[in-house]
Amino acid sequence: PMEALKAQAICARSETLAKIEGGRHARDGFDICDYDHCQGYPGTENEKPASTRAVEETSGLVMFLGSRVADAVYFTNSGGITANKDDVWRGSPEP
């Protein structure tokens with residue numbers, strides 16, 4: 001559904017910006033990679049009109065946690081298994 005695609009677009013945009021702002025690859029000389037490590041991007045040939053529309057209709061919208069862009073992590077495939085955030089991320093995972 002379009003609203004689900006819009007939510008995904010906002011999550012993806014937020015996660016990307018949070019990783020860039022956090023300097024994930026600063027020592028590597030670039031902002032973000034195109035592998036699963038940074039949520040892989042398979043290229044424009046794989047884009048669909050509905051998802052492009054969702055991105056365009058949510059242009060500029062991001063999620064915040066306090067005063068910073070939220071690292072709105074998500075996964076492409078859970079393999080049928082999910083876990084509690086406290087079991088996945090060490091330290092103080094975001095809500």
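Colleague: Leaving aside neighbours within four places in sequence, which residues is Gln39 in contact with?

Modeller: Bear in mind that this is a predicted model, where local features need pLDDT of at least 70, side-chain atom pairs count only at pLDDT 80 or more, and totals for chains, interfaces and linings use all residues. Residues are numbered from 1 along each chain as its sequence is written, and side-chain values use heavy atoms, with hydrogens and water left out. Contact means heavy atoms within 4.5 Å. Once neighbours within four places are set aside, the partners of Gln39 are Glu15, Tyr74, Phe75 and Thr76.

Colleague: And how far apart are the C-alpha atoms of Gln39 and Thr76?

Modeller: Gln39 belongs to the loop between α1 and α2; helices here are DSSP runs of H or I with at least four residues, strands are E runs of at least two, and both are numbered from the N terminus. Along the chain, Gln39 and Thr76 are 37 residues apart. Their C-alpha atoms, though, are separated by 8.0 Å.

Colleague: Does Gln39 count as buried or exposed?

Modeller: The cut-offs are under 20% relative accessible area for buried, over 50% for exposed and partly exposed in between, using a 1.4 Å probe and protein chains only. Gln39 has 16% relative accessibility, so it counts as buried.

Colleague: What is the relative accessibility of Ser14?

Modeller: Ser14 is another residue of helix α1. Apart from residues within four places in sequence, Ser14 has Val62, Met63, Val69, Ala70 and Ala72 as contacts. Ser14 counts as buried because its relative accessibility is 0%.

Colleague: Let's zoom out to the helix. What do the buried residues of α1 pack against?

Modeller: Helix α1 runs over residues 2–21 and reaches 28 Å from its first C-alpha to its last. Its buried residues include Met2, Ala9, Ile10 and Ala18. They pack against α2 (49–57) and β2 (68–69).

Colleague: Which handedness does the crossing of α1 and α2 have?

Modeller: The two axes come within 8 Å and cross at roughly 60 degrees. Met2, Leu5, Lys6, Ala9 and Arg13 of α1 make the contact with Ala50, Ser51, Arg53, Ala54, Val55 and Glu57 of α2. As for handedness, left-handed means the near helix is turned anticlockwise from the far one by less than a right angle, and right-handed means clockwise. The crossing of α1 and α2 is right-handed.

Colleague: Last one: what pattern does the protein follow along the sequence?

Modeller: There are three helices and two strands in the protein. Buried residues make up 20% of its 95 residues. Going along the sequence, the pattern is α-α-β-β-α.

Conventions
Expected span 1.5 Å × (residues − 1). Axes fitted to C-alpha atoms, helices over the stretch in contact; angles between N-to-C directions.
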